[in-house]
Amino acid sequence: MALDGKTAIVTGAAMGIGKAITEILLKNGAKVAVLDVNKVEGENLVKDLNKEYGADRALFLSCNVESDEEFKAAFQKAAEAFGAIDILCNNAGILNEEKWQDMISINLAGVIRGTYLALEHMRKTNGGGGGVIVNIASMAGLGPLLTCPVYTATKHGVIGFTRAVAAASAASNYGIRVNALCPSFVGTELFTTIEHKLGQFAHLKGAANQLVEKLGVLNTPEVAECILELVTDETKNGEAFMVRTEMKGYVPFPSLSSTDKP
Ligand SMILES: NC(=O)C1=CN([C@@H]2O[C@H](COP(=O)(O)OP(=O)(O)OC[C@H]3O[C@@H](n4cnc5c(N)ncnc54)[C@H](O)[C@@H]3O)[C@@H](O)[C@H]2O)C=CC1
Ligand SMILES: CCCCC/C=C\C=C\C(=O)C/C=C\C/C=C\CCCC(=O)O
């Protein structure tokens, strides 16, 4: 799928990884709806982006991914403004082990909510034009981050959901591919403000810091770059793409006979 003239929705796009994803999509010719709970950051960003990339290329829509109503309304407004939606990037996420119910609601239920809305808008069997969904998981979706068990669970959930819905979409001829991106640590506000958001396993932060030392810290454009392949390569569906400072690549999963069947 070439990006020129395509339209995208990115959640949690006012800052961090979502902002970098928005910028790379715009640079490659797409129009982007920037969804976020942070109105001030979101509106300022869109003002700057429209100056840089051309009027009406970006649109800010206030949306909490925890709210069915707000999410539905944002999809509707984006579809009306752009004509159709081709790409969804479910990026919004938090890391706060003390507010673990919120993490499940945003990191996992928010991704499910966004994906199901996108299937309704985009699937060929409902008059849509097909498209692609990219869910921002984490390396914590592939292995355990000991200080953050619930965050780890939400990201494992995102990968499991992505793989299942990708296979279901293909089996249903929806024309929609679904992939997950799994970055290691990235230098955003989520990462730099972690100190007071660890829960009962905060005493293990020494080991987590050693892991940070070992893996290093990515910058947001390095992560955003990986989105392009998942969006444009029509052969990629149900993939988990890991990105680390020293390597990147598709994660192999065990082949189970039960996953060959619907
Ligand atoms: N920073 C890191 O080390 C890593 C982050 N990730 C994932 O990347 C995604 C983005 O994270 P960062 O950019 O690092 O975080 P960030 O904290 O820098 O930015 C998150 C953005 O999401 C928005 N947001 C938060 N809750 C929301 C909600 N309920 N509805 C709509 N918007 C909401 C925030 O306002 C903010 O603009 C998350 O899913 C995170 O789990 C994955 C791997 C590593
Ligand atoms: C006390 C420091 C903790 C810092 C945590 C901050 C942000 C983390 C964000 C993530 O999404 C996690 C990213 C990468 C590491 C996750 C898991 C590593 C699993 C390693 C393994 O395979 O065992």
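**Helix packing and ligand surroundings in a predicted model**

Let me begin with helix α3 (residues 68–82) and helix α4 (residues 100–122), whose axes come within 10 Å and cross at roughly 40°. Axes here are lines fitted to C-alpha atoms, for helices over the stretch in contact, with angles running from 0 to 180 degrees between N-to-C directions, and the helices (H or I, at least four residues) are DSSP runs numbered from the N terminus. This is a predicted model, in which local features need pLDDT of at least 70 and side-chain atom pairs count only at pLDDT 80 or more, while totals for chains, interfaces and linings use all residues. Residues are numbered from 1 along each chain as its sequence is written, chains are lettered from A and ligands numbered from 1 in the order in which they are written, and side-chain values use heavy atoms, with hydrogens and water left out.

The crossing of α3 and α4 is right-handed, a term for the near helix being turned clockwise from the far one by less than a right angle. On the α3 side the contact (heavy atoms within 4.5 Å) is made by Asp68, Phe71, Lys72, Phe75, Gln76 and Ala79, and on the α4 side by Gly110, Arg113, Gly114, Leu117, Ala118 and His121. By class, this contact of α3 with α4 has 5 nonpolar, 4 polar and 3 charged residues, where Ala, Val, Leu, Ile, Met, Phe, Trp, Tyr, Cys and Pro count as nonpolar, Asp, Glu, Lys and Arg as charged, and the others, Gly among them, as polar.

Helix α4 also packs with helix α5 (residues 149–171), the two axes coming within 8 Å and crossing at roughly 15°. The two helices are therefore roughly parallel to each other, a label for angles under 35 degrees. α4 passes α5 in a right-handed crossing, and among the residues that meet are Trp100, Met103 and Ile104 in α4 and Val150, Tyr151 and Thr154 in α5. The contact of α4 with α5 divides into 13 nonpolar, 4 polar and 1 charged residues.

Which residues are the closest to ligand 2? Of the 18 that surround ligand 2, they are Ser138, Ala140, Tyr151, Phe185 and Phe191. An N or O atom in the side chain of Ser138 is 2.6 Å from an oxygen atom of ligand 2, and a polar side-chain atom of Tyr151 lies 2.6 Å from an oxygen atom of ligand 2.

Terms used. A residue is near a molecule or strand if one of its heavy atoms lies within 4 Å of it. A polar contact is a pair of N or O atoms within 3.5 Å; within protein, one must be able to donate a hydrogen and the other to accept it, and residues adjacent in sequence count only if both atoms are side-chain atoms. Angles under 35 degrees count as roughly parallel, over 145 as roughly antiparallel, 65 to 115 as roughly perpendicular and the rest as oblique.
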